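Hi everyone, thanks for coming.

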Amino acid sequence: MPRKLIIDCDPGIDDAVALAMALFDPRLEVVAVTAVAGNVPAERATLNVQAIIEQLDPPRYPRVGAATASDQAPSVNARHIHGDDGLGNAGLQVSQLARQHPSEKLICDEVRAAPGEVTILCLGPLTNIARALSRDPAIAAQMGRLIIMGGAVNCIGNITPSAEFNIFCDPQSAREVFRSPTSKTLVPLDVTGQATFSLGLLEQLPSEFTRAGKLLRKVVPFLFRAYRRELGLESIHIHDAVALVAALHPELFGTHDLAGDVETSGELTTGVTVFDRRESARPRGNIEVALEVDAAAAADCIVRGLADAGKQS
Ligand code: BDR
Ligand code: CA
């Protein structure tokens, strides 16, 4: 039986790549895709989720959750990496759904409908998950594993010297999720940054005559240009797709049970993920953290996943 999955995301080019892989993967039943503000503001994130799903036209349509802006709206965005519209300025057309369900409500509904069975793949700031937990605290025990792309453990940050983007955008929510009694796996930059893709990836994308290929060929080239312009790199990372690989192939990752928390108020360190690894403290682990990865195998899974999406579309 396929595994039920909610994808909570802020598309974002790497979010779009992960969605293309997941929506055609027969091992998964993507029951909902819920939007969250992050790479782009809330309303744009929702439109992007709809646009990606419409463009891919997968065999099973997931429910769509709408992002709503929070009082602590992210003070940053990632338009320099993902484009003004979050999707490489691809200009995908989409109309707003007449009836929108808030993302956190959809998460609660889907988890309650299948307690313990729904994995949640978190590819953006943890706003919706924290809201779902505060809306219905009992839901923590009913959530399947949370797989969270976020944080930087032993490496530098990507939005500040020490913080990773998703956690930095909403550190308070991240702290609430870290401290919640949920089972969770963190997939930080330490591992997502190890899978690198050179320009050759463009030739490996599905043909433009497939729906997945058409979408990917519109958005992925922008990421290469942005990495070169903004970071001086010739190759790209597809962080969110690596997190999906962690859900599908945990055997490719080395994980450690750690006591993790999030800095919410530091002048220079807001959004930093902090782990107590002192021998003397012997802290109890509250989060499984992936620190090693077979990067070549993970990259290969991504290329194959996209090729499969192409074959089915
Ligand atoms: C994360 O930040 C976003 O820009 C990406 O979509 C990814 O989820 C990487 O730090
Ligand atoms: Ca993302």
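This is a predicted model: local features need pLDDT of at least 70, side-chain atom pairs count only at pLDDT 80 or more; totals for chains, interfaces and linings use all residues.

Helices (H or I, at least four residues) and strands (E, at least two) are DSSP runs, numbered from the N terminus.

Residues are numbered from 1 along each chain as its sequence is written, chains are lettered from A and ligands numbered from 1 in the order in which they are written, and side-chain values use heavy atoms, with hydrogens and water left out.

Now, the sheet. Two strands pair if DSSP finds at least two bridges between them.

Let's go to strand S5. How many of the five residues of S5 are buried? Five of the five, residues 118–122, so S5 is largely enclosed by the rest of the structure. Both of its faces are covered: Val118, Ile120 and Cys122 are buried on one side, and Thr119 and Leu121 on the other. Cysteine 122 has a relative accessible area of 0%.

Who are the partners of S5? Strand S1 (residues 3–9) runs parallel to S5, joined by five bridges, and lysine 4 has valine 118 in S5 as its bridge partner. Strand S6 (residues 146–149) is also parallel to S5, with three bridges, and there cysteine 122 is paired with isoleucine 148. To get from S5 to S6, the chain passes through helix H5 (residues 127–135), and this β-α-β crossover is right-handed. Right-handed means that, with the strands pointing away from the viewer, the path from the first strand over the helix to the second runs clockwise.

Elsewhere in the sheet, strand S2 (residues 28–35) and strand S3 (residues 63–66) run parallel and share three bridges. One example is valine 33, whose bridge partner in S3 is valine 64.

Next, the calcium ion, which is ligand 2. Which protein atoms are its donors? They are Asp10 (OD), Asp15 (OD), Asp15 (OD), Leu123 (O) and Asp240 (OD), lying 2.3 to 2.6 Å from the ion. Donors are N, O and S atoms within 2.8 Å of the metal (3.2 Å for Na, K and Ca), and water is not among the atoms, so sites may look incomplete. Along the chain, the donors follow the spacing D-x4-D-x107-L-x116-D. Aspartate 10 and aspartate 15 are buried.

On to ligand 1. It is surrounded by 13 residues, and the closest are Asp14, Asn39, Asn158, Glu164 and Asp240. A residue is near a molecule or strand if one of its heavy atoms lies within 4 Å of it. For polar contacts we want a pair of N or O atoms within 3.5 Å; within protein, one must be able to donate a hydrogen and the other to accept it, and residues adjacent in sequence count only if both atoms are side-chain atoms. A polar side-chain atom of aspartate 14 is 2.6 Å from an oxygen atom of ligand 1. For asparagine 158, a side-chain N or O atom lies 2.8 Å from a ligand 1 oxygen. Leucine 123 comes in with a backbone N or O atom, 3.0 Å from an oxygen atom of ligand 1. Taken alone, ligand 1 exposes 290 Å², and the protein buries 95% of that. Those areas come from the Shrake-Rupley method with a 1.4 Å probe, and for residues only the protein chains shown count as cover.

Finally, some backbone details. The peptide bond from proline 11 to glycine 12 is cis, with omega near -5°, and glycine 12 is in the loop between S1 and helix H1 (13–23). Aspartate 57 has a positive phi, near 45°, and is partly exposed at 34% relative accessibility.

Terms used: Buried means under 20% relative accessible area, exposed over 50%, partly exposed in between (1.4 Å probe, protein chains only).
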